[in-house]
Amino acid sequence: MEALDIDLEESEIELPTEPMLLNVGPSHPAMHGTVRCVMELSGEAIARVDVQVGYLHRGFEKMCERGTWSQVFPYVDRCNYVSPMLNNVGFAMACEKMLGIEVPDRCQWYRMALGELARISDHLTCDGAMAMELGAFTPFLWMVKARDMIWDVMEEETGARLTHSFGRVGGMAKPPTDGFKEHARAVVAQVLKIVEESEGLLLGNRIFLDRLEGIGIISAEDAISLGWTGPCLRAAGVPYDVRKSNPYMKYAEVDFEVPVGQTSDCLDRFLIRLAEMRQSARIVYQCLDRLSDSGPVNVDDPRVVLPEKSGVYTTIEDTIRHFKIVMEGLKIPAGEVYSYTEGGNGELGFYLVSDGSGTPYRVRIRPPCFQVTAGLEKIITGQMMADVVPCFGSLNMIGGECDR
Amino acid sequence: MPSFKLDDQQIEFQPGETVIQAARKAGVDIPHYCWHPGLSVAANCRMCLVEVLPPPGRPALMLDVLRFDEAKGDYIKAKKPKLQPSCQLQAGDGMEVKSQTSEPVREARAAVQEFLLLNHPVDCPICDQAGECRLQDYWLEHSGKSKRMKDEIVHKPKAVDFGPTIVYDAERCIVCTRCVRFCDEVVKDPVLDKRERGNLGEIVLAPGRQLDHAYTLMTEHVCPVGALTAKDFRFKARVWFLRSVSSVCVGCATGCNSYTDFDPRDQTVYRYRPRDNAEVNQFWMCDEGMLDYRRIQEARVLRPRLAGQPSTGAKEAIDAAVELLRGVRPAVLLSAEHSSEDNLAVLELARALGGTQVFFTGRPPGKGDDILRHPDKNPNRAGVLALAPNAGDYQALGAAIQAGSVSVLLALGSQVDGDAGALGGVPVVSLSVHEGPISRAARVLLPVASWAEAQGSYVNAKLKLQLSERAVAPRGESRPASRWILELGARLNLSLSFSKPSEVRGRLPGASSVGAGAPV
């Protein structure tokens, strides 16, 4: 068959110049979950972009409002599922604030140690995935190996690697295991070594640096007005870290620094996470040093904390206590609270309303990722198509947190 | 009005009232087991102890006690105020009473709670009272301490058969004697009594007797713990799954106020509980009424039916009814079993068709007494007569059928208070809840929602109009009578005074004065 354009003059063949619409996601490997980007491309440059969250909707806040307060823990686990321990503790602290109780010191150090381990695993995932998406597969495997070591500790402590549901209002599900300190110290040392090796592989790599340097820059003002918190905001030079600016638990008593970036590009966000892992490791060591080997983990309050199982089976008093907490739910005085902690990606806030019953009246979450993802549009507009991947990766969007 | 101070609150009282009564009226609940507003004061549980401050210038009444001193490791002499049971303590003007704000009171209540649970079995998981048990509530509120006693608990008889309706568990019993006092004072049948003292105390039947009077289920209702359980409700449902609506008992013309407890998951009613109303039933209901909820489930007409067929579709039944009713002036048979709404809807249709013959019937009379039970076993005779003051009785209907002056009968209800055969000679379109003489005589039978499945108002023997709330969805293919009537009316091209079921109540005489579920 003859070619159709056989009769065309050379001058009549021209490339179309109107902008092209390109849809990426919601199911796309580069979209880290279910986000959709509709981009208007001018050549390879992004002229405009529309970032849409909402493809992941579990009705998560509504689910929280139909069980007891304790039954919320498995749901918050699935918010930021890379560092569920931080969510667990954040929610428990919000409830405790309303109840006006403070958990024993041993529990606070334990919560901090587990929380900082979770933060390291969160940052390992983000930095590893960023490298992988730019073609560097080895550092990803190394970092995930390190993450698995942390998850071994988590599994040893909680029985689950990913979604632990380990927090409780007024304490933790179980006290630290006998080998916790030793295990955690060993793991942190190994993880730091892996981080260093991976860093060496990446930061000496011209391709990797070229893909990140000067890409996805955002000003500190813009980041603040978008509501950014966490590593992404600190990369923009704003030293806001809830652990420092509003210390909770024992963060005022431990030594650590809040690293900040200068250029606020993708490389800065990558480096901030590397630095934070080292700071978290410092905190973990300090927590382990100060975590006592004996003493209560849970508050001694029959309204809030479940009794020992042996007592439940043999005495009526503990049976009643168990019954009241399980069947009716622990009662939180009527009122409302906003309680916030530093999650893996920034300020994780819980706004809770209680009507005094055993069921939350309202559970509202301020997940750091939602605000950070809202900034994606700003940082990729005007960039090249290929820059979407590192930009998006550096924000560490977690789908579960963007559930709205 | 005289008043006294309870903790930080000023509480007014009528002369002669006790502290606990006045506090209850003011909405302050002083914890108690043995006291019941409808029974005499026993003051044996000691849970309602309060501290009464001495009048100005007078010394407080103090007791010498020994208190264990942790630091010394020995008992030391101490003093504590003499506490008083607020159920027995008459309120006095200007009195200062401390309840939750008094440390000795809090200590005493915790101690009472510890003693009550000392020999209590670990029964919550298998106890029907769990979830509405005072022992559970008060333990959390007033004690919260684990068991200190290491010894084996005292064992006593379990699952003692007290009669046809009640099972007794002596281990769970706190011997508050509410059940004993109820039988003595309200029923005037002293069939229960208490034997032994201290941790051997238990409730026993009078020799040779069973707990078999007409109000046995109230002993279970007044029991603050799980000692008395109703055979009817035992192991049927867990109370925290049940929801309640305010209702009116339809067992007789007294119209006792009740709660209908149902499980929203399977839309099944599991029990009635009395709802306090000083003007109607005080705090009580009779066994007959308490068990009447079973009729919501039993012997129901669930599908439309044409005579001679097992069942038919709603459309066919409507067609058949329309054919019977078109162009005739039907006689109408109202029912004192049904709410005024149901009766009004049926009456409206008959009148719109030009029918003028109005009769009414209901369940045949039964036993009554001078406590609550009324011999008229229909909840709404007065309501029907308010709608149709000149309605003839069932005998008059029989006579009219005999005389051949009834062409078609539009009948509401299930039971008749007369000869069931009287309906034989005439085509009947019936709207029935239950199988009975009317449903059996029906040419066309339409299933109607029961009293628990539709909101309805009832006028009791004392001419009190009361509203009963809807608890569950209509069973089977039954619908509220007004829905059937609206459909028939539309097919017969009639204009009725209401266009949806919710409008019927507004058409009732005096309906506007009764709010939903109001304790009238």
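Colleague: Which residues in H4(A) meet residues in H5(A)?

Modeller: Two residues are in contact if their C-beta atoms, placed from the backbone, lie within 7 Å. In this predicted model, the residues of H4(A) that meet H5(A) include A:Leu114, A:Leu117, A:Ile120 and A:Leu124. Among their partners in H5(A) are A:Phe140, A:Met143, A:Val144 and A:Ile150. By class, this contact has 16 nonpolar, three polar and three charged residues (Ala, Val, Leu, Ile, Met, Phe, Trp, Tyr, Cys and Pro count as nonpolar, Asp, Glu, Lys and Arg as charged, and the others, Gly among them, as polar).

Colleague: How are the numbers and letters assigned, and what is left out?

Modeller: Residues are numbered from 1 along each chain as its sequence is written, and chains are lettered from A and ligands numbered from 1 in the order in which they are written. Local features need pLDDT of at least 70, side-chain atom pairs count only at pLDDT 80 or more, and totals for chains, interfaces and linings use all residues.

Colleague: At what angle do the axes of H4(A) and H5(A) cross?

Modeller: Axes are lines fitted to C-alpha atoms, for helices over the stretch in contact, and angles run from 0 to 180 degrees between N-to-C directions. Here the axes of helix H4 (residues 105–133) and helix H5 (residues 137–158), both of chain A, cross at roughly 160° and come within 8 Å. That makes the two helices roughly antiparallel (over 145 degrees).

Colleague: What share of chain A is buried?

Modeller: A residue is buried if 20 or more other C-beta atoms lie within 10 Å of its own. Buried residues are 50% of the 404 in chain A.

Colleague: What does the C-alpha trace of chain A span?

Modeller: Along its principal axes, about 95 × 45 × 45 Å.

Definitions and conventions. Helices (H or I, at least four residues) and strands (E, at least two) are DSSP runs, numbered from the N terminus. Angles under 35 degrees count as roughly parallel, over 145 as roughly antiparallel, 65 to 115 as roughly perpendicular and the rest as oblique. A residue is buried if 20 or more other C-beta atoms lie within 10 Å of its own, exposed if 12 or fewer, and partly exposed in between; C-beta atoms are placed from the backbone.
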